[in-house]
Amino acid sequence: MNPRLAASYLALLLLSACGGGGGGGDGGGGGGGSGSVAVSVSGVATVPDGVSTDSDVNDPNAAFSANDTPATSQRIPNPGTVTGFATAVPFGQAGSRFASAADEFDGYQVDLVAGQALILRIGAWNEQARESVDLDLFLYDANVNLVSSSSSVDQEERIVVPSSGSYFVVVQAFAGASAYELSLGAELDGAAAARASWDQASEMVPDQAIVSLTTGGADATASALGQRRVLAGGAGMPQLVDLTPADGLARAAALSVETDDWSGAPLSAEQAARRRTIRALKHLAASPGVASASPNYVVRAAAVPNDPFYPLQWHYPVINLPAAWDITDGSRAGNPVVVAVVDTGVVLSHPDLQGQLVAGYDFVSDATRALDGDGIDANPNDPGDQDYGGGSSWHGTHVAGTVAAATGNGTGLAGVAGGARVMPVRVLGRGGGTAFDILHGIRFAAGLDNVSGTRPTRAADIINLSLGGPDFVQAVQDAVTSARAAGVMVVAAAGNESVSRPSYPAAYDGVISVSALDINGALSDFSNFGSTVDVAAPGGSSAQTDVNADGYADNILSTYISEVTGTPQASYGFLQGTSMASPHVAGVLALMRAANPAITPAQVDSLLSSGQMSDDIGSAGRDNSFGYGRINAYKAVLAARGLVGNTDRPAVLSAAPTRLDFGSSGSSLTLRLANQGDGGLSAPTLTASDSWIAISAASAVSGGFEYQVSAVRGSLPAGAYGGSISVASNIGTISVPVTMLITSADTTGDAGRVYFLLLDPDTGENLGQVDAAASGGRYTFRFDNVAPGTYTLVGGSDLDNDDFICGAGESCGAWPVLGAPDGITIDSSNVTGLAMSVGPGGALRSAGLHASDPRGFALRRKD
């Protein structure tokens with residue numbers, strides 16, 4: 001994201017986003033003055049287990065083996081993720097593998113288990129021209145009979161495996177060319193079923209579609225549907241449309257398919273009609289004026305959940321948010337709780353932040369850093385920081401969504417305190433921000449005099465600072481002290497250097513410093529620690545693992561901006577960092593302020609230090625990794641209410657942990673059930689959803705009951721298993737999700753041919769390039785004759801051979817982590833031992849590193 005503190009004096013002290021780090025600096029690379037000494041830069045990049053690569057991609061430097069037919073299908077591990085390339089037409093520059101021939105099919109052999117979700121994400125998909133690049137997903141049984149398919153014109157295709165067995169998974173390029181990701185994970189609590197999926201194996205009425213238009217009226221209908229006949233319905237309502245071509249039998253015959261494209265097997269008349277219907281529907285669904293279209297299924301699909309991406313926000317149940325939401329969502333009638341996000345600003349137009357923002361301010365005083373045409377102004381919209389060659393971090397938008405994204409609005413995801421409001425205060429621009437700008441951003445948010453000469457209509461209740469650097473500045477400490485004196489609570493990210501030294505502002509007196517946890521509850525591999533850490537919250541991991549088998553790396557999902565098409569568009573993305581942990585705590589403080597409007601910063605300090613806001617993890621009592629423990633939203637809200645004499649504690653059945661993820665090797669986990677409210681808890685009844693989940697007899701412990709839950713792997717086939725434990729008690733019922741991975745014999749990761757680049761951190765220019773093949777899940781790289789300077793190190797694949805790495809659907813990585821890239825400063829000594837990770841990211845993945853070109857980072861000529 002933004003470059004870390006580069007040092008200097010007070011007025012120009014640079015600070016960076018803790019959810020990212022970054023290069024910046026002195027021009028970087030390539031240059032070097034007279035007498036400069038060229039050195040080497042070397043290291044190792046690892047690939048997560050379970051990652052594999054299509055064996056016939058367009059890159060001529062990659063190993064090649066055709067996988068187009070049932071006989072040549074490629075064996076892949078389960079669970080896992082495949083990065084690949086397919087094209088319906090000859091594609092690519094001269095020398096590309098498929099410059100003169102199509103690569104229409106990629107076939108994969110794999111053993112799957114019932115309930116697994118197969119998710120195909122199309123890298124080059126274009127929302128404005130959905131027919132131009134269109135890949136479909138098919139599932140065949142071991143006898144090459146079609147079992148299920150997903151053939152929409154959307155960016156994702158999804159299939160849920162109906163029963164355990166051996167299968168062929170086939171990706172077909174129906175139109176255009178694209179890199180893609182194919183993930184094999186566990187089903188997502190109905191999220192897979194909630195997506196549009198045109199299944200050719202499902203019963204439907206041939207040549208009919210259910211169509212909704214964007215506008216009503218006869219003219220709009222004619223424009224959107226052309227010559228197609230409306231069989232039922234009218235303006236302002238879904239219509240039943242005849243898909244039979246207007247020019248009669250000749251065109252109908254042209255659209256029909258009498259044999260299966262991939263297997264060559266003959267199709268029945270019914271099968272041919274279904275395929276003909278879906279192919280006609282593809283064109284209709286992409287037509288201007290059509291809001292939605294689907295086959296006229298005989299059996300309808302399930303309803304869409306309210307916030308469709310909430311099942312991917314594993315980090316909320318971890319801090320007991322659902323129980324807290326039963327008491328408050330942060331709403332306060334007529335006077336909403338306000339959380340100031342002092343950051344890069346916020347993209348004010350993001351749909352999941354509509355109605356969630358109050359007026360803020362832009363304190364980036366240097367116009368060259370601000371990138372919005374001026375210095376300090378009243379518009380806190382984030383124009384992009386354009387770090388790392390022109391791409392932007394959109395850091396503040398991600399932080400704001402975690403705090404208070406609109407919740408229960410039927411779109412996107414949930415915020416910690418959806419009833420609260422965010423005050424965007426912009427202090428970070430290109431290359432970070434200055435201490436001067438930051439301290440005035442803090443003062444503005446707190447309703448104090450500041451350099452802008454203005455104050456907010458109402459001061460913020462909480463200030464979140466997901467930024468940091470190693471230097472103490474007294475003026476910033478004074479701003480924090482003044483804010484606290486005004487009743488404002490201040491929270492900050494502990495930092496991402498994996499060191500114990502203090503990071504500021506998190507280490508200032510009066511600031512709640514937040515370290516980061518991974519999905520397993522351990523300290524995140526990047527998180528700072530030490531005597532100044534106060535509390536811990538979910539922040540993800542740099543390892544890009546998928547322990548819970550949901551098809552995405554186990555990082556923090558929030559509102560984001562995608563630059564895949566070159567034009568910034570509202571999206572959702574996974575990031576990792578203490579920057580992502582801090583807004584979890586800020587959101588919990590908003591819930592506390594809603595429950596007790598008079599609560600003070602000193603009272604919060606007392607509640608935190610006495611263990612009333614957290615679960616003690618790690619060493620007993622306070623420790624340097626987790627502070628006073630993992631934030632617990634429910635306990636925090638109850639504690640806030642208790643300060644005003646509201647000691648009513650509704651009975652709440654709680655589970656710790658809130659989910660059981662055995663991963664690929666775990667065999668036994670402890671589940672503790674307790675009543676977090678008033679009253680007693682009788683021994684609950686536990687029921688496992690599947691036979692591979694074994695539950696011991698209850699053991700009474702203080703305040704509840706404990707159980708040993710085991711994963712019975714036995715002779716189960718490889719796959720991602722998802723189940724649950726239903727808990728019934730005298731105070732209510734809950735369900736505890738359970739996942740387990742059984743890996744194939746060889747799950748060693750392989751991202752294909754990977755190119756490593758040394759980039760100028762300011763311009764993104766490629767100043768050095770090497771490439772390597774994987775060996776044992778690792779890539780060894782070495783740059784020689786590197787001139788002194790500062791560089792950004794990236795690595796990625798070029799599956800479509802467009803001479804750009806890290807494009808959508810391709811593997812990517814950066815040093816030290818993709819979500820928090822940093823600069824490598826080279827002087828006269830060799831740099832060795834660099835360690836990074838390279839792998840796929842998922843369609844929802846966005847990271848702190850972006851190329852200015854939507855295709856990715858430019859390669860030099862391939863050798």
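**Entry 1: helix 11.** I began with helix 11 (residues 578-595): at 1.5 Å a residue, its 18 residues should span 26 Å, and I found the end C-alpha atoms 26 Å apart, which agrees. The expected span is 1.5 Å times one less than the number of residues. I then looked up how covered helix 11 is, and 17 of its 18 residues are buried. Buried here means under 20% relative accessible area, exposed means over 50%, and partly exposed lies in between, with a 1.4 Å probe and protein chains only.

**Entry 2: ground rules.** I noted that this is a predicted model, in which local features need pLDDT of at least 70, side-chain atom pairs count only at pLDDT 80 or more, and totals for chains, interfaces and linings use all residues. Residues are numbered from 1 along each chain as its sequence is written, and side-chain values use heavy atoms, with hydrogens and water left out.

**Entry 3: the whole chain.** I looked up the helices and strands and found 13 helices and 49 strands in the protein chain. These are DSSP runs numbered from the N terminus: helices are H or I with at least four residues, strands are E with at least two. Of the 863 residues, 57% are buried. The accessible surface comes to about 29,800 Å², and carbon and sulfur atoms hold 50% of that; the areas come from the Shrake-Rupley method with a 1.4 Å probe, and for residues only the protein chains shown count as cover. I also checked contacts (heavy atoms within 4.5 Å). Among those with a separation of 6 or more, 73% join residues 24 or more positions apart.

**Entry 4: the cores.** Which residues have the most contacts inside the largest nonpolar core? I found Ile-462, Ile-512, Val-585, Leu-589, Met-592 and Met-613, in a core of 61 residues. Helix 11 gives the largest share of this core, ten residues. A nonpolar core is a set of buried Ala, Val, Leu, Ile, Met, Phe, Trp, Tyr and Cys residues joined through side-chain atoms within 4.5 Å. I followed Ile-462: leaving out residues up to four places away in sequence, its partners include Val-337, Val-488, Ala-586 and Leu-589. A second, separate core has 34 residues, including Leu-439 and Val-476.

**Entry 5: strand 7.** Is strand 7 (residues 116-122) mostly covered or mostly open? I found it mostly covered, with seven of its seven residues buried. In a regular strand the side chains alternate between the two faces of the sheet. On one side of strand 7 I found Gln-116, Leu-118, Leu-120 and Ile-122, and on the other Ala-117, Ile-119 and Arg-121. Strand 7 pairs with strand 10 (residues 156-160) in the antiparallel sense over five bridges; strands pair if DSSP finds at least two bridges between them. Ile-119 stands opposite Arg-158 in strand 10, and four of the five residues of strand 10 are buried.

Entry 6: I traced a sheet of five strands in the order 4-6-11-8-9, with mixed pairing. Strand 4 (74-75) and strand 9 (146-150) are its edges, each pairing on one side only. Strand 6 (residues 105-112) and strand 11 (residues 165-175) are antiparallel over eight bridges, and Asp-111 stands opposite Ser-166. Another open sheet, of four strands, runs 31-38-37-33 with mixed pairing.
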